[in-house]
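Colleague: I am new to this structure. Please take me closely through one part of it, and then connect that part to the rest.

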Amino acid sequence: MNDQAGRRRARRLAIGTVVVLALAGMNGPWLYRFGTEKYHQYQINKPEYKAENGKWEVVEFPEEYRQNTIHAALLRTGKVLLVAGSGNNQDNFDAKKFDTRIWDPVKGTIKKVPTPSDLFCTGHTQLANGNLLIAGGTKRYEKLKGDVTKAGGLMIVHNENPDEPITLPAGTKFTGKENGMTFVSKDSVIVPRAKKNFDKATGKFLGNTPGIYRVYVEAQKQGEKYATGTQDNYRIQGLSGTDARNTYGIAQKLALDKKDFQGIRDAYEFDPVAERYIKVDPMNEARWYPTLTTLSDGKILSVSGLDDIGQLVPGKNEVFDPKTKKWTYLDKNRQFPTYPALFLMQNGKVFYSGSNAGYGPDNVGRDPGIWDVDTNKFSKLTGLSDAKLMETSGTVLLPPAQDEKFMVVGGGGVGESDQSSNKTRIIDLKADDPKFVDGPTLEKGTRYPSSSILPDDTVLVSGGSEDYRGRGDSNILQARLYHSDTNTFEQVADPLVGRNYHSGSLLLPDGRVMFFGSDSLYSDKANTKPGEFEQRIEIYTPPYLYRDSRPSLSGGPQTIERGGSGTFTSQHASTIKKVRLIRPSASTHVTDVDQRSIALDYKVSGDKITVTVPKNKNLVQSGWYMLFVDDDQGTPSKAQWVKVP
């Protein structure tokens, strides 16, 4: 424990003692509660308390602008993009009511933005040009067993013709050869042609490998009697001649089981200046719950998600080229659970922490490791505590990014498990033999923790719940600052709003932190009262903004090349002790792979500060960043926006 943290803890203990003494003479439970709340409000608003602990404030939008925010991204304009799509609301989905808002946290203005598709549970990442790439979303809501009225499931369509693909429109009928039942496709499909196989040594023809395509099919009528229990081959109605012989379907049981969410292929760039969505080439795979991560060559990797028939994409990952606006498959497959936490390393490989947000087998793709995307080699990493409790955990690249140390926070069991972890795990990827080691523990097992990097090199860890989606009134109203230099947590002011599923946080250019969302299953301890989506925004003002003053920062170039320098002006230049370049966040489902804080070398001359950007393109990815300077008290300036081309 460092001395500063110890002094702060001592002050809080003293305040707690005063509270007990002050309340000891009060009579009756009502007076006790009233006195406690009144005194609490008095204490947390005292200047000295805020200077030690910070302060939380709730922002409640006018009713017409409220929405169920699922995704949030800081735009290079300083405004925040808040995306709901249908907002986990079936009625909104059925009515095609898809919402997006742009909020200016400085002016307090809110604007509605037309939303072209259901971007509920999409993926997103910051692009080099300052736009936000958004890909995937919702095609169909899940149906629980008991709500499913028509038997259905996966039909794999085979095409044995090596010369031509086959096109089947939506509504195509498949009739079983053994069971005699007919099922109807929900979408049109193009089944690729078969592949001819030859022996490389002799040139002898070895036969064809059928082209295949997967499509969701459904019974024509409702009821259990139209379900099947075993695999069958299906002939396709409407085909004749060689097409009828070459094309057929194969399906396992088609039943009234639960039907998962289905994804879409749609992809967009959001332009923060025009404040509108721009449609780009759709992905090859439909994805719901995907992760988008920038690679070494500037292309964007899209991984995992549920596809257009509600099944986990079987390791078919793809990349988006921002220049051509096109998607192409990777050569080899690798499977992950949905919303995997994937970070570009300084050597160009990708680190997978094991954090994820849900769907997928409990024994496939969950081990943490280092992934060489070019060769598809995956090197597993060891030492992870509570390795079975990584779902709904958070992962953050600790500042400064040059150190390449990551912290994994909390987590829970797979699916709707009530298990949760109070562990933090830290790994140094620059070590000769990287292994996870335990960091400081949380007070409670925590699913859905939010973690935001601050410009003073601390990390704000807040919120979450002990149980799945806040069951049993288990939201955690606690916040802590992690100090990487001492590997300790410092407790700060408690948040006012509980945050669990569908929540997140991001750093604002003025040094404050914004929190959004939360989607509790229930709102009471007995789990009898359905929860309501939390539409309020909450802002945390860290202790460093309650000091006497903050350093100024102005002027300077808007663009600095990697390896290049730029000179800025500050009236407090002589007090500057740290310069940080922080990538803006794009956050959802405890997953924010964009945020990183990069230390910059700097020189001071009079009121001028000259900063130099590192050369490594994997450390400093192309794009827009917030440039902060910190003084000798650890107080940051307001950010200046800088583009690294």
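Modeller: Start at asparagine 376. With a relative accessible area of 13%, asparagine 376 is buried, because the limit for that word is 20%. The model is a predicted one. Asparagine 376 sits in the loop that runs between strand S28 (369-372) and strand S29 (377-380). Its backbone is worth a look. Asparagine 376 is not a glycine, yet its phi is positive, at about 70°. Most residues other than glycine have a negative phi.

S28 and S29 pair with each other in the antiparallel sense. Four bridges hold the pairing. Take glycine 369 as an example: its bridge partner in S29 is lysine 380. Strands of a sheet pair through backbone hydrogen bonds, either parallel or antiparallel.

Step back to the sheet. It is open and has four strands, in the order S26-S27-S28-S29. The pairing is antiparallel. Strand S26 (342-344) and S29 are the edge strands, and each pairs on one side only. Neighbouring strands of this sheet are turned by 25° against each other on average, with direction ignored.

Asparagine 487 is found in the loop between strand S36 (479-483) and strand S37 (488-491). Here too a residue other than glycine has a positive phi, near 55°. What about its surroundings? Asparagine 487 has a relative accessible area of 34%, so it counts as partly exposed.

Next come the prolines. Proline 399 and proline 400 are joined by a cis peptide bond, with omega about -10°. Most peptide bonds are trans. Proline 400 belongs to the loop between strand S30 (394-397) and strand S31 (405-409).

Proline 542 lies in another loop, the one between strand S40 (537-541) and strand S41 (565-569). Proline 542 is buried, at 1% relative accessibility. Which residues does it touch? Leaving out residues up to four places away in sequence, proline 542 touches Gly54, Leu454, Gly511 and Arg512. Lysine 50 is 492 residues away from proline 542 along the chain, but their C-alpha atoms are separated by 8.1 Å.

Follow the chain on to strand S42 (residues 576-582). Five of its seven residues are buried, so the rest of the structure largely encloses this strand. S42 has an antiparallel pairing with strand S47 (residues 623-631), over six bridges. In that pairing, isoleucine 582 has methionine 626 of S47 as its bridge partner. S42 also pairs with strand S44 (residues 597-599), again in the antiparallel sense, over three bridges. There, leucine 581 stands opposite isoleucine 598 of S44. In a regular strand the side chains alternate between the two faces of the sheet.

Now turn to the aromatic rings. The whole structure holds 25 aromatic pairs. One of them joins phenylalanine 261 and tryptophan 288. Their ring centres are 4.3 Å apart, the planes are at 10°, and the pair is stacked. Phenylalanine 261 lies in the loop between strand S18 (247-251) and strand S19 (262-263), and tryptophan 288 in the loop between strand S21 (276-280) and strand S22 (291-294), so the pair ties together parts that are 27 residues apart in sequence. Phenylalanine 261 is buried, at 5% relative accessible area. Tryptophan 288 is buried as well, at 1%.

Another pair has another geometry. The rings of phenylalanine 320 and tryptophan 327 have centres 5.0 Å apart and planes at 50°, so this pair is tilted. Phenylalanine 320 counts as buried, at 0% relative accessibility. Tryptophan 327 also counts as buried, at 5%.

Which residues form an aromatic cluster? Phe93, Phe120, Tyr141, Phe261, Trp288, Tyr289, Tyr339 and Tyr359 form one. The stacked residues Phe261 and Trp288 are therefore part of this cluster.

Finish with charges over rings. The charged end of lysine 112 sits over the ring of tyrosine 65, at 5.7 Å from its centre. Arginine 140 lies over the face of tyrosine 216, 4.9 Å from the ring centre.

Terms used:
Residues are numbered from 1 along each chain as its sequence is written. This is a predicted model: local features need pLDDT of at least 70, side-chain atom pairs count only at pLDDT 80 or more; totals for chains, interfaces and linings use all residues. Side-chain values use heavy atoms; hydrogens and water are left out. Buried means under 20% relative accessible area, exposed over 50%, partly exposed in between (1.4 Å probe, protein chains only). Helices (H or I, at least four residues) and strands (E, at least two) are DSSP runs, numbered from the N terminus. Two strands pair if DSSP finds at least two bridges between them. Axes are lines fitted to C-alpha atoms, for helices over the stretch in contact, and angles run from 0 to 180 degrees between N-to-C directions. Contact means heavy atoms within 4.5 Å. Rings of Phe, Tyr and Trp (its six-membered ring) pair if their centres lie within 6.5 Å; planes under 30 degrees apart count as stacked, over 60 as edge-to-face and the rest as tilted. A charge sits over a ring if NZ of Lys or CZ of Arg is within 6 Å of the ring centre and within 35 degrees of the ring normal.
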